Amino acid sequence: MRPRPPAMRPKWRYILARILPNNVELDQKQVYLSVLDAATSLWGDAATGLMQPAVIHCDRGYVIIRCRRGSERDLATALATVTSAADRPIAIRTIATSGTIRTLRRQMRPELPDEEAEELRVGKKYFTAYRYSRQKVDLIEKHNKHPKVLFFTETDMEEI
Amino acid sequence: MNTTDASVCPYPAGDSSIRRMAIEAAELGFDSIVAIGGEHGAAGEFRILTGAVIDARSAKDVLRQVRNVSRNVDLTFVNAGDLAFNRAAVTTGDVQIIRHIHTTHRNSFDHVAARSATERGVAVDISLYPIVHWRGARRQKALQRYADLLSLHRRYRFPLTISSNARSILDQRSVRDVEQLCALFGMTRQEVRTALGTVHRILEHKQPVRVIG
């Protein structure tokens, strides 16, 4: 099959976004389903269909979402209403929009934990602490099917 | 202090400490936040303000509670109620912001209340929580209420504030996201910027006159 001439090909825009919390592990499909759910809920089936959203990259806390040119603003609004994926609370924060994936890849700076994970006891519960730059500390509850996550700082940890 | 998230609920009400929320807010383009039930603080240029919420059933109850809380906090919020309550609440001294308008009946904040709010400088809060977290008919109703509130604001010019009501850093949104979410009910970018600076203007108003130069 011959490819379409360039003038007839769809024009795409790519949105780079960060997934929070940092330690959540999601695959492309799980992110796609949550984005599609948010977009459909906000704009309806017809408008979401015209956007043609697709998750084309999802790794180390970053996601690149493709959509039709002209609909990137609406999709970014829908991304702001994403609150969960695969039954886990998340947030998707838009960073940049571009016409090429290459430009967006340059802006990806994965936020990795500073040191090894540390085990802590807060009250009667046990947590695993992950430390990040700018004094951020994420505490994830251990031995729980639906672990509670607390977002603290180094100063808070000293006070506990 | 021109871009303020007008209310966040830090740990233990939520899962994020106020310091962590301040770090995230600074990264998202805010220069101050109002912590409900939190403590004063500052990190460089970033300021953490304090707020107290009055949840009352009658205007008399509001008056009684205001006396207890208004000395210790920067801002006093009142949860909105029915029409009579809201009209009385905006005329009560020491109340700066009326919030949770989206949870009340459609006609609970009318042109009379709007005019009183303008005269007294009482702001009405727009919470992004229902837009972000709710789905379907509930969100549609909240958007309708905000659109109605916006039309009153454009006519009577009472101040608006915008808050995330975040209980977690996952609920906080960037200034750009706030603009896009507010555009859903017809708010322009300029109106959003003005609303984000309302807390600053309210607090400036409370301070005594300074002689500069």
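1. Domain bounds here come from an automatic or database domain assignment. On that basis, chain A splits into domain 1 (10–106) and domain 2 (118–159). Between the C-alpha centres of these two domains of chain A there is a separation of 28 Å.

2. A word on reading the model, which is predicted: local features need pLDDT of at least 70, side-chain atom pairs count only at pLDDT 80 or more, and totals for chains, interfaces and linings use all residues. Residues are numbered from 1 along each chain as its sequence is written, chains are lettered from A and ligands numbered from 1 in the order in which they are written, and side-chain values use heavy atoms, with hydrogens and water left out.

3. Now to chain B, where helix α1 (residues 18–27) contains B:Ala26; helices are DSSP runs of H or I with at least four residues, numbered from the N terminus. B:Ala26 counts as partly exposed because its relative accessibility is 35% (buried means under 20% relative accessible area, exposed over 50%, partly exposed in between, with a 1.4 Å probe and protein chains only). From B:Ala26 to B:Arg47 is 21 residues in sequence, and 9.7 Å in space from C-alpha to C-alpha.

4. How many disulfides are there over all chains? The search of the whole structure finds zero, a disulfide being a pair of cysteine sulfur atoms within 2.5 Å. For A:Cys58, the nearest cysteine sulfur is that of A:Cys67, 17 Å away. A:Cys58 counts as buried, since its relative accessibility is 18%.

5. B:Cys9 counts as buried because its relative accessibility is 9%.

Conventions:
Helices (H or I, at least four residues) and strands (E, at least two) are DSSP runs, numbered from the N terminus.
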